[in-house]
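Biologist: I have not looked at this one before. Can you take me through it?
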Amino acid sequence: MSTAVFHAGAGVLDDAAPGATVTLRGDEARHAAVVMRLRAGERVDLVDGAGLRVSGTVSAAAKDELTVAVESRAQELAPAVRLVLVQALAKGGRDEQAVETATELGVDAVVPWQAARSVSVWSGPKLERGRQRWSAVALAAAKQSRRSWVPAVREPVRTSGLAADVAATVAAGGAVLVLHEQAAVPLAAARLPGPGAADADASGASDVVVVVGPEGGITDEEVAALTDAGGQPVLVGPHVLRTSTAGPAALAVLAQRLGRWG
């Protein structure tokens, strides 16, 4: 059995050096002790969602409290080229499926997109509820896949805002790939930034953004707006994929191209 991963709250791991103890409380501790039935002597990893991983052994487990004896602490570096998924809102939970699988495959950030043909609509209170739901999906998937980094779910955008973001990303040395079934350029041949791109942001990283439309596809007007802003229409493969699988399929190809899986 692989080592279980639990997400610690803000500040919980600040003093988690080898030889110290860390106490996890609340839902995560309850899941560890009650659902997973962890007991003293079992190994666990605690992460903060921003690359910090603390490994150790359970010294005590109660209903709402898990105490871990710390054995090692490691800060995992952020990637030099970030992978960002712009996922159109979709019905039937297919957008959440995309977020879940993309997180397992290593996506670094997710942007909800209210596309022209999105059947699902986030407005009013649904805006924040939808974003919170996607954040919960990303957190659960990050823990399942043993990640120390949890993808950020950014503010939802409409097409005008997305076009502005595309222009800014390209100007900063990144690349934006718009998945489209009629594109002439295959994903494998799309232009990508290299690590340490000259115009990378202050963190030293640049972005590769994958834009995925809803069930009905991206409209011609949207393709034109995103292309005019610097986006590259690309073809994932010979078959038309669902909105829930197109993004993860593209991310897998890009992870290989960028050396993440090498």
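Biologist: How many salt bridges does the structure hold?
Modeller: The structure holds 12 salt bridges. Keep in mind that this is a predicted model.

Biologist: What is the background on charged side chains pairing?
Modeller: Side chains of opposite charge can pair when their charged atoms come close.

Biologist: Start with D45. Which residue does D45 form a salt bridge with?
Modeller: The partner of D45 is R53, and the closest N and O atoms are 3.2 Å apart.

Biologist: Are D45 and R53 buried or exposed?
Modeller: Both residues, D45 and R53, are buried.

Biologist: What about R133, which side chain does it meet in a salt bridge?
Modeller: R133 meets E96, with 2.4 Å from N to O. This pair links distant parts of the chain: R133 sits in helix α3 and E96 in helix α2, which covers residues 94–104, and the two are 37 residues apart.

Biologist: And is R133 buried, exposed or partly exposed?
Modeller: R133 has 39% relative accessibility, so it counts as partly exposed.

Biologist: Which side chain does R131 meet in a salt bridge?
Modeller: R131 meets E155, at 2.7 Å from N to O. Here too the pair links distant parts of the chain. R131 is in helix α3, while E155 is in the loop between β8 (152–153) and β9 (157–158), 24 residues apart.

Biologist: Is E155 buried or exposed?
Modeller: E155 counts as exposed because its relative accessibility is 51%, and the cut-off for exposed is over 50%.

Biologist: Which residues do salt bridges that share partners join into one network?
Modeller: D27, R30 and D64 are joined that way.

Biologist: Switching to aromatics. How many aromatic pairs does a search of the whole structure find?
Modeller: The search finds one. The rings belong to W122 and W134; their centres are 5.2 Å apart and their planes are at 70°, so the pair is edge-to-face.

Biologist: Why does 70° make the pair edge-to-face?
Modeller: Planes over 60 degrees apart count as edge-to-face, and the planes of W122 and W134 are at 70°, hence the label.

Biologist: Where in the chain are W122 and W134?
Modeller: W122 is in the loop between β7 (109–114) and α3 (125–144), and W134 is in helix α3. The two are 12 residues apart, and the pair links distant parts of the chain.

Biologist: Does W122 count as buried or exposed, and what about W134?
Modeller: W122 counts as buried, at 4% relative accessibility. W134 also counts as buried, at 0%.

Biologist: How many Å separate the C-alpha atoms of R129 and A98?
Modeller: They are separated by 18 Å, and the residues are 31 apart along the chain.

Biologist: Now T159. Where does T159 lie?
Modeller: T159 lies in helix α4, residues 159–171. T159 is buried, with a relative accessible area of 18%.

Biologist: Which side chain does the side chain of T159 make a polar contact with?
Modeller: That contact is with the side chain of E222, at 3.3 Å.

Biologist: What is phi of R37, then?
Modeller: Phi of R37 is near 55°, a positive value in a residue other than glycine. R37 is in the loop between α1 (27–35) and β3 (43–47), and it counts as exposed at 57% relative accessibility.

Biologist: And what is phi of R146?
Modeller: Phi of R146 is near 65°, a positive value in a residue other than glycine. R146 is in the loop between α3 and β8. At 31% relative accessibility, R146 counts as partly exposed.

Notes:
Residues numbered from 1 in each chain as written. Predicted model: local features only at pLDDT ≥ 70, side-chain atom pairs only at ≥ 80, totals over all residues. Heavy atoms only, no water. Phe/Tyr/Trp six-rings, centres within 6.5 Å; stacked < 30°, edge-to-face > 60°. Helix = DSSP H or I, 4+ residues; strand = E, 2+ residues; numbered from the N terminus. Buried < 20%, exposed > 50% of the residue type's maximum accessible area, 1.4 Å probe, protein only. Salt bridge = Lys/Arg side-chain N within 4 Å of Asp/Glu carboxyl O. Polar contact = N/O pair within 3.5 Å; in protein donor to acceptor, adjacent residues only side chain to side chain.
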